[in-house]
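Hi everyone, thanks for coming. Let me put the structure up, and then we'll walk through a few parts of it together.

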Amino acid sequence: MTRFSAPLSALALLAACSTSQPVTRAATPMGPPPMPEADASGNCWARETTPAVYEQVMGEVQVVQAEIAEDGTVIRPPIYRKAPVARIVTPRGEMKFEAPCPPYFTPEFIASLQRALAVRGYFHGNVTGTLDAPTTAAVKKYQSERGLISGQLSLETARSLGLIAVERSSL
């Protein structure tokens, strides 16, 4: 066995692991983006959890508990020190907005989304037809500039990109 045979066999093993199956929603570290949910009227809604926003403020932190007698009298009061403590500026919340229904999310639709974002300078990856991390990031950047901070595609964004028809009555 030569000194190159082990690395070559490892490389051959890795090459054999490739997949030829198309994937429409690529996995991200936190999993694929959730699909919109349909309501009774047939409209679909996406949900996005907004994280809480905290700031550090000076406060008092108890370092020694009070010593209290059985009759309730305070033998020794508690001891506090000044320290930074977290304060909630904006509580955690949930946004809900109208989104294209799951049947729209075909590889062809996602490829059109990627091309539409690329033409506008938001998507710089390869057009793959998969809803992967670069596509989600491009959607988030495009929508953030328009007031919706989400990587999930909204129905309004899909219409503004020319991906979904706009009803005549709303023109």
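First, a term: buried means under 20% relative accessible area, exposed over 50%, and partly exposed in between, with a 1.4 Å probe and protein chains only. This is a predicted model, where local features need pLDDT of at least 70, side-chain atom pairs count only at pLDDT 80 or more, and totals for chains, interfaces and linings use all residues. Residues are numbered from 1 along each chain as its sequence is written, and side-chain values use heavy atoms, with hydrogens and water left out.

So, is I75 buried or exposed? At 52% relative accessibility, I75 counts as exposed. I75 sits in strand β5, residues 74–76; strands are DSSP runs of E, at least two residues, and helices are runs of H or I, at least four, numbered from the N terminus. Beyond neighbours within four places in sequence, I75 contacts E67, I68 and A69, contact being heavy atoms within 4.5 Å.

Now the helices. The axes of α2 (107–119) and α3 (133–144) come within 10 Å and cross at roughly 50°. Axes here are lines fitted to C-alpha atoms, for helices over the stretch in contact, with angles from 0 to 180 degrees between N-to-C directions. From α2, L113, Q114 and L117 meet T135, A138, V139 and Y142 of α3.

Finally, the sheet: three strands form an open, antiparallel sheet in the order β1-β2-β7, where pairing takes at least two DSSP bridges. The edge strands, β1 (37–38) and β7 (93–99), each pair on one side only. Two bridges join β1 to β2 (44–50), and E37 has W45 in β2 as its bridge partner.
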